[in-house]
Amino acid sequence: MSSAIELIVDGFAQLKDRRSLEDLRMHRRRLAVDLKARTGFDYRLSITQIEEDIVAIEAGLNTLSSPIGG
């Protein structure tokens, strides 16, 4: 994992801190909604990055949902 969000997600996943991952995902979702509602500037690049962050967070959550050893 190389991006900052992936390192953060990896840390929370290792700590089995589901709540922090869910809070992080909710924050990113709200941020994406806010940026999509704005006008007067092209936020596509930022929105794309936020959506990639959400994918990484959901992958971390999925590791907590998977059976031990699998």
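Biologist: Where do we start, and what secondary structure does the chain have?

Modeller: First, the ground rules: this is a predicted model, where local features need pLDDT of at least 70, side-chain atom pairs count only at pLDDT 80 or more, and totals for chains, interfaces and linings use all residues. Residues are numbered from 1 along each chain as its sequence is written, and side-chain values use heavy atoms, with hydrogens and water left out. Helices (H or I, at least four residues) and strands (E, at least two) are DSSP runs, numbered from the N terminus. Here the chain has three helices and zero strands, in the order α-α-α from the N terminus.

Biologist: How do I read the packing of H1 and H2, and at what angle do they pack?

Modeller: Axes are lines fitted to C-alpha atoms, for helices over the stretch in contact, and angles run from 0 to 180 degrees between N-to-C directions. H1 (residues 4–14) and H2 (residues 18–37) pack at about 150 degrees, with axes 9 Å apart. They are therefore roughly antiparallel (angles over 145 degrees).

Biologist: Which residues make the contact?

Modeller: Contact means heavy atoms within 4.5 Å. H1 brings Ile5, Ile8, Val9, Phe12 and Ala13, while H2 brings Ser20, Leu21, Leu24 and Arg28.

Biologist: And how much of the chain is buried?

Modeller: Buried means under 20% relative accessible area (1.4 Å probe, protein chains only). Of the 70 residues in the chain, 23% are buried. The C-alpha trace spans about 50 × 20 × 15 Å along its principal axes.

Note on methods
Parallel < 35°, antiparallel > 145°, perpendicular 65-115°, else oblique. Buried < 20%, exposed > 50% of the residue type's maximum accessible area, 1.4 Å probe, protein only.
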